[in-house]
Structures are given as C-alpha cells and as structure tokens.
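The sequence and structure are shown first.

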Amino acid sequence: MLGAIEAGGTKFVLAVGTSSQNITARRSIPTRDPAITLAEAADWFAQAGAISALGIGSFGPVDLDPASLTWGRITNTPKPGWADCDIAGFFMDRLGVPVGFYTDVNAAALAEYAAAGGVGGSLAYLTIGTGIGGGLVLDGKPVHGIAHPEVGHIYPRRTADDCEFPGICPHHGDCLEGLASGPAIFTRWGKPLSQLPEGHPAHAIIADYIAQACHMLFASVAVGEIVIGGGVANTPDLVERVAERARALDAGYLPGGTRHAIIRPRLGGDAGIIGALMLAEATGKG
Ligand code: ZN
C-alpha cells in the first residue's frame with residue numbers, strides 16, 4: 001500500500017491506495033500550525049494501515065535539491081509557522097518509509113499528464129486559489145531549475161481599469177498572485193469571483209492576468225496544453241474566458257498557436273492527490 005499527501009495552504013488531503021489508479025481511503029484535514037497538522041496526518045496514516053512509501057506534493061516554496069541539507073523542507077513561506085518546516089523528514093521519521101517530495105503543482109501536472117495519455121509531450125498545470133502556482137512537465141518529466149518554477153510571481157501588465165489596487169503579495173505587491181489569487185480578489189472586491197455578478201469587470205480583469213501567464217508559458221517553454229485548477233478556477237466560464245483572452249494576446253503569432261489548449265483538469269480536484277500517489281509509486285520503485 002502507498003500513502004500520499006497533498007499539502008495545501010488551507011487543507012491537507014491524505015490518501016492511501018494500492019496504486020495511483022486505486023485510492024482505497026482518504027481524509028481531508030485543515031492546515032493549522034505544523035505541529036498539530038503533521039501529527040494529525042501521521043496518526044491517520046498509522047490507523048489506515050502499513051504503507052511502503054509516501055508521496056508528498058506540497059505548497060511552497062520548497063527545497064527540491066537532493067544534495068541540499070534542507071531537502072524536503074518548506075522554505076520561506078509567508079504562511080505563519082511553516083517557514084523552514086521539515087515536512088519530508090517528519091514523515092520519514094514517523095512512518096519509517098521512503099518519501100517522494102515535490103511541489104503540489106508539479107504533482108498535479110504529472111497526474112494530468114498521465115491522464116492525458118502523454119499527449120504532446122508537454123503540459124503545464126496552473127492552480128489559481130489561495131495562492132497561484134504552476135508546475136511543468138516537459139518530455140514526460142516534471143522540470144525545475146535551481147528551484148521550482150514560480151509562475152505565480154510574474155508581473156502581468158496591468159489592465160487599464162485595474163491600475164489602483166496595489167496587490168497583496170508580501171514580496172512583490174502586484175505580481176500575478178498579488179492580483180489574481182482568491183485573497184487578492186476578496187481584498188479588492190469583497191467577494192469570491194464566483195459570487196460577483198456576470199457583468200462585473202472582475203471577470204475580464206482576472207481572466208486577462210491569467211491569460212498573460214498562459215501566453216508566457218506558451219511563448220517561453222512552448223507547452224502544448226495548460227490545465228487550470230484551483231478554487232478560483234471553479235468560477236463558471238473563467239477558464240473559457242482565459243482561453244479566449246490568451247488567443248487574443250497571441251494574435252496569431254506563435255508557432256503551433258492554433259493547437260495550444262487551455263482546459264480544466266481532467267481529474268477534477270483529484271490531480272494533486274493522484275500526483276502525490278505517483279510520487280510514492282516512483283519512490284517505492286527506488
Ligand atoms: Zn509575488
């Protein structure tokens with residue numbers, strides 16, 4: 001049996017299964033401070049039965065360098081209490097099993113890539129929720145450089161009707177996450193995007209910023225497909241608006257532009273936890 005954790009800023013999803021195709025039990029717990037949350041997760045795995053490997057897809061930033069002394073840790077997150085949390089080390093100690101560790105978005109990207117049957121060889125997964133993050137699979141492999149990509153922290157060009165709001169990112173102010181994440185939308189307009197009326201300018205503004213990130217991904221790494229998940233992305237028509245706006249931004253320029261696709265997750269809300277199980281599978285095989 002394999003174990004998996006999708007460690008998010010709002011909730012931890014825990015699962016066990018015989019493979020990434022077969023989840024046999026799952027549980028969701030709220031993300032509180034690390035000591036409480038990690039202990040609650042470890043207790044659940046202890047009750048769920050013996051596992052041979054654990055996969056963790058975590059919110060970040062995280063240290064992914066296997067040669068680093070701080071591998072497997074969340075690094076400088078603004079989330080209170082979680083900076084420098086040794087999340088992979090905690091579970092290796094408590095459960096005594098090997099741990100596969102990656103970002104939540106790269107785990108989701110891997111799962112969506114598999115669900116797509118490896119079509120096109122490349123895929124990006126963007127989550128638009130409490131934060132904004134992006135994972136990349138190129139030639140069938142999740143990729144990162146000296147650290148994992150931070151697509152949520154690019155600076156989009158501001159729309160003409162959204163120049164006043166300073167943004168909420170503690171590092172950058174009006175980066176993509178500072179402008180288009182769930183908390184940014186709530187701070188600016190007092191409601192989640194899904195509760196703002198259809199004609200509200202927020203819908204076009206948010207779609208524009210996300211479309212700019214998609215255009216950047218198409219133009220810089222030439223992914224064939226971008227999958228958009230996360231709580232904000234559940235807003236009706238948002239993904240369709242993003243796709244339409246990204247086509248307008250491309251203006252018929254990019255090679256293969258007509259084949260670029262922007263879609264909702266094939267796996268719905270399960271991409272992250274299935275991807276974490278895939279990490280466990282890969283780790284278990286050594
Ligand atoms: Zn930022």
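Cys85 is found in the loop that connects β4 (53-58) with α2 (87-95), where helices (H or I, at least four residues) and strands (E, at least two) are DSSP runs numbered from the N terminus. The model is predicted, so local features need pLDDT of at least 70 and side-chain atom pairs count only at pLDDT 80 or more, while totals for chains, interfaces and linings use all residues. Residues are numbered from 1 along each chain as its sequence is written, and side-chain values use heavy atoms, with hydrogens and water left out.

**Cysteines**

Cys85 has a relative accessibility of 9% and counts as buried; buried means under 20% relative accessible area, exposed over 50% and partly exposed in between (1.4 Å probe, protein chains only). Apart from neighbours within four places in sequence, Cys85 is in contact with Pro34, Leu38, Gly72, Arg73 and Ile74, contact meaning heavy atoms within 4.5 Å. The C-alpha atom of Cys85 is separated by 33 Å from that of Trp189, which is 104 residues apart from it along the chain.

A search of the whole structure finds zero disulfides, a disulfide being a pair of cysteine sulfur atoms within 2.5 Å. Cys163, for example, is in no disulfide, and its nearest cysteine sulfur, that of Cys175, is 16 Å away. Cys175 is buried, with a relative accessible area of 0%.

**Domains and cores**

The chain is divided into domain 1 (2-103 + 271-285) and domain 2 (117-265), with bounds that come from an automatic or database domain assignment. The contact between them takes nine residues from domain 1 and nine residues from domain 2. Their C-alpha centres lie 26 Å apart.

The largest nonpolar core has 39 residues, and those with the most contacts inside it are Ile5, Phe12, Leu54, Ile87 and Phe91. Such a core is a set of buried Ala, Val, Leu, Ile, Met, Phe, Trp, Tyr and Cys residues joined through side-chain atoms within 4.5 Å. Helix α3 (residues 104-115) gives the most to this core, with six residues. Because domain 1 and domain 2 both give residues to this core, it lies between them. Phe91 is in contact with Ile5, Leu38, Ala41, Ala42, Leu54, Ile56, Gly96 and Val99, leaving aside neighbours within four places in sequence. A second, separate core of 37 residues includes Leu176, Val223, Leu238 and Ala246.

β1 and β2 form a hairpin with three residues between them.

| Strands | Sense | Bridges |
|---|---|---|
| β1 (residues 2-7) and β2 (residues 11-19) | antiparallel | six bridges |
| β1 and β4 | parallel | six bridges |
| β6 (residues 122-128) and β9 (residues 225-229) | parallel | four bridges |

Gly3 stands opposite Val16 in β2, and Ala4 stands opposite Gly55 in β4.

**The five-stranded sheet**

An open sheet of mixed pairing is formed by five strands in the order β8-β7-β6-β9-β10. At its edges stand β8 (141-142) and β10 (261-263), each with a single partner strand, so one side of each is left without a neighbour in the sheet. Leu126 has Ile228 in β9 as its bridge partner. Helix α3 lies across β6, β7 (132-138), β8 and β9 and runs at about 45° to β7; axes are lines fitted to C-alpha atoms, for helices over the stretch in contact, and angles run from 0 to 180 degrees between N-to-C directions.

In strand β10 is Ile262, which counts as buried at 12% relative accessibility. Not counting residues up to four places away in sequence, Ile262 touches Cys214, Phe218, Ile226, Ile228, Val239, Val242, Ala243 and Ala246.

**Backbone geometry**

Most residues other than glycine have a negative phi, and most peptide bonds are trans. The peptide bond from Gly60 to Pro61 is cis, with omega near 5°, and Pro61 lies in the loop between β4 and α2. Asp139, in the loop between β7 and β8, has a positive phi near 50° and is exposed, with a relative accessible area of 72%. Ala222, in the loop between α6 (201-221) and β9, has a positive phi of about 55° and is exposed at 52% relative accessible area.

How values were computed: Two strands pair if DSSP finds at least two bridges between them.
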